[in-house]
Amino acid sequence: MTREEFDTLCRDEVRRAVEGSLGRDPLAVALDRRIPHAALVATQVKYLERARTKLPSYRAARCILPPRAFEQASSEACAAHKAIEGDAALDLTCGLGVDALALGRRFRRVVTLERDPVLAAVAAHNLRLLGAANVEVVCAAAEEYLTAATERFDWVYADPDRRSRTGRKLVRLEDCSPDVLRLLPAIRRSGARLCLKNSPLFDAAEALRLFPAARIEAVSLHGECKELLVYDDGTGPLLTATALGAGSVTFPPEAAPAPPPPTFDPTAYRYLFVPDVALQKMRLVRRALEGQADAWSQNGFAFSRRPVEGIAGRTLAIAAIEPFDAKALRRRLRGRGIELLKRDFPLTLAEIHARTATHAGDELRLAFTRIGGRAWTIELAAENE
């Protein structure tokens, strides 16, 4: 977004046009000659609608939403989850200001940095609309601010930009901007505790290697891993898996991985458990399910004799378990619509459908996995059974 576009969106007649166009097809809005600056208005209509679930407060306040900043922003649910609080916080990476807004509800004062002048103006405008009077937006790069800073903060927060100049996704901390590892000495001078948001692709073991006294947390929302957090405050080493709205578990790192259960007995189980992705990300599936279910892989299904309780994931009743036989399934299921689930299985969903002559549908649910070198087909009972 350019400064001219931002100034235009702040004008009363354009704001009224956005308000009057909500609910319409953005393409129709863009082509409507009666609307001033129709293309800009259409873009805001599109992203305000997308903000309905991701950024509901921003939608309610009719904030300005630059597309790239919107795509890179945390959801409000994830931002609100970060378990840090105190008197003052420094946010090194403002962006759209979603995390700064959440920090403002936990800290008396928040200073948030944004190096892009236009995005800094957008964030300040939005935070005023949102009533975040205790959040100050400073247009500065983290490196220059930390060099000159004399104030001490209870927490320093960072969500580095993980896109290259060409738009390629970045994972290594050294490649992101700002380079938090290089800035650690300066961060330590400004605040003893660091909360670092990483890509959900970042390896938890690597995070613990870099920050050996930290708590590492994978956060999922609606079955999708959203972020990997590092709380570098001396409370670790700990590993946490959190599914927002569904529960959380915390364990210290294992000295040595526990061995898997003995040989799989398909007659011993009545339920299939699909662990939440946060548990898988942190490799805590077996430990979280101990005493409730058996798992042969941190990335696979678990099996239980009774429904699993208190652990994030899905418990599904089993109708039958058989060795995987594509020809037999093809003879029995040809032409039917099947919902497929798979974990630790060598075929893609498309390949399973092709080999069994089925297609996506809801007539039957089948799960596929591989345990102990053998492939299995699990027929799942209907939901109301």
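1. **Ground rules.** This is a predicted model, in which local features need pLDDT of at least 70 and side-chain atom pairs count only at pLDDT 80 or more, while totals for chains, interfaces and linings use all residues. Residues are numbered from 1 along each chain as its sequence is written, and side-chain values use heavy atoms, leaving out hydrogens and water.

2. **The nine-stranded sheet.** An open sheet of 9 strands runs in the order S3-S2-S1-S4-S5-S7-S6-S8-S9, with mixed pairing. (Strands are DSSP runs of E, at least two residues, and helices are runs of H or I, at least four, numbered from the N terminus; two strands pair if DSSP finds at least two bridges between them.) Its edges are S3 (135-138) and S9 (247-251), each pairing on one side only.

3. S1 (residues 86-91) and S2 (residues 107-113) run parallel and are joined by 5 bridges. Among the partners, Leu90 is bridged to Val111 in S2.

4. **The eight-stranded sheet.** Another open sheet has 8 strands in the order S11-S12-S10-S13-S17-S16-S14-S15, again with mixed pairing. S10 (residues 271-275) and S13 (residues 313-323) are antiparallel, with 5 bridges between them, and Leu272 stands opposite Leu316 in S13.

5. **A helix pair.** H15 (residues 326-333) packs with H16 (residues 349-356) at about 70 degrees, their axes 7 Å apart. (Axes are lines fitted to C-alpha atoms, for helices over the stretch in contact, and angles run from 0 to 180 degrees between N-to-C directions.) The two helices are therefore roughly perpendicular, a label for 65 to 115 degrees. Ala326, Leu329, Arg330 and Leu333 of H15 meet Ala354, Arg355 and Thr356 of H16, where contact means heavy atoms within 4.5 Å.

6. **H16 and its sheet.** Which strands does H16 lie across? They are S14 (337-343), S15 and S16 (364-371), and H16 runs at about 130 degrees to S14.

7. **A pocket worth a look.** Which residues lie nearest the centre of the second largest pocket? Glu254, Met282, Arg283, Leu284 and Gln298 do, out of 26 lining residues. (On a 1 Å grid over the protein atoms alone, a pocket is an open set of points where a 1.4 Å probe fits, with protein on both sides within 12 Å along at least five of seven lines; lining residues have an atom within 4 Å of a point.) H12 (204-210), H14 (285-289) and S11 (294-295) each supply at least two residues of this lining.

Key:
Parallel < 35°, antiparallel > 145°, perpendicular 65-115°, else oblique.
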